[in-house]
Amino acid sequence: VLLGSNLDEWALFMVPDSAGRRLDEAGLDRRILRVLAANAIDPNLVDAFRETYNESLGAPRDRWSQFMSDMVFHAPAGILADTLSRAGGEVYFYRFDGQLPLVGSYTGAFHGLDIPFVFGTVRKGPLAATMGWSSEVRTLSRRMQKSWARFAHGEVPGHEGLPAWPR
């Protein structure tokens, strides 16, 4: 199994969330408490959240996005990878950190951004105008295609630019 997530998964969902983009500390706490309650997680963990997702990580909106990326994407993907591996499966786990050169500082490596890189479609479709078709983008896309193709052919995913990929 080849499984992973993108560094800034939730950033895409922040685009239409105007209230989320204007979060203050109190609003962030309210959102976190709602998520904890909805998932039957002890609300006393809000203090642990504050410690983990502290002000050094940015504005409340950035910390909300990081928290939701972890809660909805990173943690479940990691749990699934661990579960499959413990059951004897061969699991390769990745995190995609690539960004769009023209808007990456705003969007980061958002949900689904890895797909056009994997399939070599970074020059086509709705993201083409924001890709900034540079040699770095082409190189990253080719490397990802090679890695995924190796996996599809029963080999260890990776390429010459990566260290050995542990299972």
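Trainee: Which residue with a positive phi follows H3?
Mentor: That's alanine 40, with phi near 55°. Keep in mind that this is a predicted model.

Trainee: Okay, and how many residues does H3 have?
Mentor: H3 has 14, running over residues 25-38. From first C-alpha to last, H3 reaches 20 Å, close to the 20 Å expected at 1.5 Å a residue.

Trainee: What happens at the start of H3?
Mentor: Look at aspartate 24 there: one of its side-chain oxygens comes within 3.3 Å of the backbone nitrogen of alanine 26.

Trainee: Which residues in H3 are buried?
Mentor: Gly27, Leu28, Asp29, Arg31, Ile32, Val35 and Leu36.

Trainee: And what covers those buried residues of H3?
Mentor: The cover includes helix H2 (18-21), helix H4 (46-52) and helix H5 (60-86).

Trainee: Arg31 is on your buried list. Which aspartate has a side chain making a polar contact with the side chain of arginine 31?
Mentor: Aspartate 17, and the distance is 2.8 Å. You'll find aspartate 17 in the loop between helix H1 (11-14) and H2.

Trainee: Is aspartate 17 buried or exposed?
Mentor: Aspartate 17 counts as buried because its relative accessible area is 17%, and the cut-off for buried is under 20%.

Trainee: What else does aspartate 17 touch?
Mentor: Leaving out residues up to four places away in sequence, aspartate 17 touches Trp64 as well as Arg31. Also, the C-alpha atoms of aspartate 17 and arginine 61 are 9.9 Å apart, though 44 residues separate them along the chain.

Trainee: Switching topic: where is serine 65?
Mentor: Serine 65 is in helix H5. Serine 65 is buried too, with a relative accessible area of 12%.

Trainee: What does serine 65 touch?
Mentor: Trp10, Ala11 and Met14, again not counting residues up to four places away in sequence.

Trainee: Last thing, the nonpolar cores. How many residues are in the largest nonpolar core?
Mentor: The largest one has 15, and Phe96, Leu113 and Phe117 have the most contacts inside it. Strand E2 (92-96), helix H7 (114-118) and helix H9 (135-152) each supply at least two residues of this core. E2 gives the most, with three residues.

Trainee: And which residues does the second core include?
Mentor: Leu28, Leu36, Val46 and Phe73 are among them; this separate core has 14 residues.

Methods: Residues are numbered from 1 along each chain as its sequence is written. This is a predicted model: local features need pLDDT of at least 70, side-chain atom pairs count only at pLDDT 80 or more; totals for chains, interfaces and linings use all residues. Side-chain values use heavy atoms; hydrogens and water are left out. Helices (H or I, at least four residues) and strands (E, at least two) are DSSP runs, numbered from the N terminus. The expected span of a helix is 1.5 Å times one less than its number of residues. Buried means under 20% relative accessible area, exposed over 50%, partly exposed in between (1.4 Å probe, protein chains only). Contact means heavy atoms within 4.5 Å. A polar contact is a pair of N or O atoms within 3.5 Å; within protein, one must be able to donate a hydrogen and the other to accept it, and residues adjacent in sequence count only if both atoms are side-chain atoms. A nonpolar core is a set of buried Ala, Val, Leu, Ile, Met, Phe, Trp, Tyr and Cys residues joined through side-chain atoms within 4.5 Å.
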